[in-house]
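Hello,

Please find the structure below, for your files. My notes on the aromatic side chains follow it.

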Amino acid sequence: MDEENKTEPVMYIFMNKGLGLSPGKLASQVAHAAAKASDMSNKKMRDDWNKFGFYTKLVMEARNEEHLKTIQKYLEDRKIKTALIIDEGRTEIDAHQATALGVEVIDKNEKGEIFKAFQLYKPEIEIKVKFS
């Protein structure tokens with residue numbers, strides 16, 4: 001938190017959980033969304049976000065593509081900039097599917113309430129046991 005200005009810059013990224021992406025694919029899509037979110041963020045807010053090197057990012061869950069697009073509309077209706085990430089289909093999933101939603105860096109103290117209804121992304125864990 002910037003004590004001088006009382007800002008708490010944070011970046012939210014929403015992931016399409018319905019695609020069942022591998023950890024590596026998920027990480028690459030989060031990176032795409034973070035890059036877009038940073039690029040479209042207000043310069044002062046981005047500078048505050050960079051100032052202390054914490055780069056707070058919260059990865060949130062969207063149930064599926066429809067939910068991701070609903071979240072996008074919800075945020076944009078509240079004047080928050082977003083960038084929908086569409087996969088080209090070169091690796092794990094078919095082309096033209098929405099994988100992530102990057103959200104501009106915001107001041108959590110001013111706009112954080114908007115995000116309270118959403119949940120952090122928590123992958124389902126599969127455990128395999130092999131008996132010899």
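**Aromatic contacts**

Lys 17 sits over the face of Tyr 121, 5.8 Å from the ring centre; a charge counts as over a ring if NZ of Lys or CZ of Arg is within 6 Å of the ring centre and within 35 degrees of the ring normal.

This is a predicted model, in which local features need pLDDT of at least 70, side-chain atom pairs count only at pLDDT 80 or more, and totals for chains, interfaces and linings use all residues. Residues are numbered from 1 along each chain as its sequence is written, and side-chain values use heavy atoms, with hydrogens and water left out.

There are six aromatic pairs in the structure (rings of Phe, Tyr and Trp, the last by its six-membered ring, with centres within 6.5 Å; planes under 30 degrees apart are stacked, over 60 edge-to-face, the rest tilted). One of them joins Trp 49 and Tyr 55: the planes meet at 75° with the centres 5.5 Å apart, so this pair is edge-to-face. Trp 49 is buried at 9% relative accessibility, while Tyr 55 is partly exposed at 36% (buried is under 20% relative accessible area, exposed over 50%, partly exposed in between; 1.4 Å probe, protein chains only).

Tyr 74 and Phe 118 also pair edge-to-face, at 5.9 Å centre to centre and 80° between the planes. Tyr 74 belongs to helix H3 (residues 65-77) and Phe 118 to the segment after helix H4 (108-111), so the pair ties together parts 44 residues apart in sequence; helices are DSSP runs (H or I, at least four residues), numbered from the N terminus. Tyr 74 is partly exposed at 31%, and Phe 118 is buried at 17%.

Ring pairs also link Tyr 12, Phe 14, Tyr 74, Phe 115 and Phe 118 into a cluster.

Regards

Note on methods: Helix = DSSP H or I, 4+ residues; strand = E, 2+ residues; numbered from the N terminus.
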